[in-house]
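Thanks for coming. Please have a look at the sequence and the structure before I start.

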Amino acid sequence: MPSKGDKEEPEGGCQDAGGVHEPQSTEQLNVSRLRSSSVEIREKGSEFLRDELHKAQKELKLKDKECERLSKVREQLEQELEELTASLFEEAHKMVREANTKQAAAEKQLREARGKIDMLQAEVTALKTLVITSTPSSPNRELHPQLQSPSKGGFRKGHGRNKSTSSAMVSAASQNVAPEPVSSECREVDSILFAEFQAWKESPTLDKSCSFLDRIYREDVGPCLDFTKQELSELVRVAVEQNTLTIEPVASQAVPVGKVAAEECGGPNGFRSQIVTKCALSGLPRTCKHRIMLGDSGNYYYISPSCRARITAVCNFFTYIRYIQQGLVRQDVELMYWEVMRLRREMSLAKLGFYPSEM
């Protein structure tokens, strides 16, 4: 049997072996713990980085969208700026063109106004000379041709002016009937006509709505300017009212061969002293010694002596009432009334076909 010493030795050896393995297991445990902790940290770090990456991607997308929106806004602004610039340039050019047009029109009107002023000044001077030398006791026979004696028979020729307001006050009697002396002519004032003239004389106007001019338009002016060619007759009436009608004699020149057949203005466009062609107002073949132009159209219309006498009679009437309206006639009301009646008689005779041989 083994002794007690022998039994105690194995126990001591077992204790030594257990003491050696205990530090090793603790170290392995620590290593495994460190490994698990590092794995856990790595996983958390990866997850955090993924989250940050997603956030960064979302922010990048938002910024891309914002950049795209701003780019569209910039393109739209650039387009609007180009359109605005183009419209401004176009408006500027339009304003320049309008300014040039207005300036040219103003210069033309200024030239025309100066010409009319010169013409009116000459007319006023001549009229003042006639009016000043005419009094009720000693009337001027040039201003009142009805006072001329039979020995001075014939018909008074007109002035050399061309405008309708400057037409000659031609006596509208028949060439076969000599004017009678004033002593053998009986006159009586019509109370209605005289009252209408007096009412008009208080406030002279060219508005044909007043009773005085309305009657004359209906009884004299309208019938006197009522020609066969209605459309041209209306244009002539408007030109006479607006003082833009020109009557001029036909110049003595040969008619160009290429212009003889022109018919748009009632006759050839060439010139010669007497032209046998269709009258533009009556449409009848007549010897046309004069032609008319309406305003500044540049178109001439050849007219017969009878048509010229009718137009001239109306022009003479408008000339006289314009002088009254402008205060250039300083006479007694009754004398002015009888002058208006004389002019109305001229229109009536011209309408009936009577005109001087000088026409």
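Predicted model: local features only at pLDDT ≥ 70, side-chain atom pairs only at ≥ 80, totals over all residues.

Residues are numbered from 1 along each chain as its sequence is written, and side-chain values use heavy atoms, with hydrogens and water left out.

Helix H2 covers residues 191-202. Helices here are DSSP runs of H or I of at least four residues, strands are runs of E of at least two, and both are numbered from the N terminus. The expected span of a helix is 1.5 Å times one less than its number of residues. With twelve residues, H2 should therefore span 16 Å, and its end C-alpha atoms are 17 Å apart, which agrees.

Which residues of H2 are buried? They are Leu193, Phe194, Glu196, Phe197 and Trp200. They are on the same side of H2, because they cover an arc of only 160° around the axis; the arc is that of the directions from the helix axis to the C-beta atoms. Buried means under 20% relative accessible area, exposed over 50%, and partly exposed in between, with a 1.4 Å probe and protein chains only. As background, an α-helix has 3.6 residues a turn, so residues three or four places apart point the same way.

On the other side of H2, Ser191, Ile192, Ala199 and Glu202 are exposed. The cover over the buried residues of H2 includes helix H3 (211-224), helix H5 (305-325) and helix H6 (333-351); contact means heavy atoms within 4.5 Å.

Three strands form an open sheet in the order S1-S4-S5, with antiparallel pairing. Two strands pair if DSSP finds at least two bridges between them. The edge strands, each pairing on one side only, are S1 (245-249) and S5 (300-303). Strand S4 (residues 290-294) pairs with S5 over four bridges. In S5, Tyr300 stands opposite Met293.

Last, Cys288. This residue lies in strand S3 (residues 285-288). Why does Cys288 count as buried? Because its relative accessibility is 0%. Tyr301 is 13 residues from Cys288 along the chain, and their C-alpha atoms are separated by 9.8 Å.
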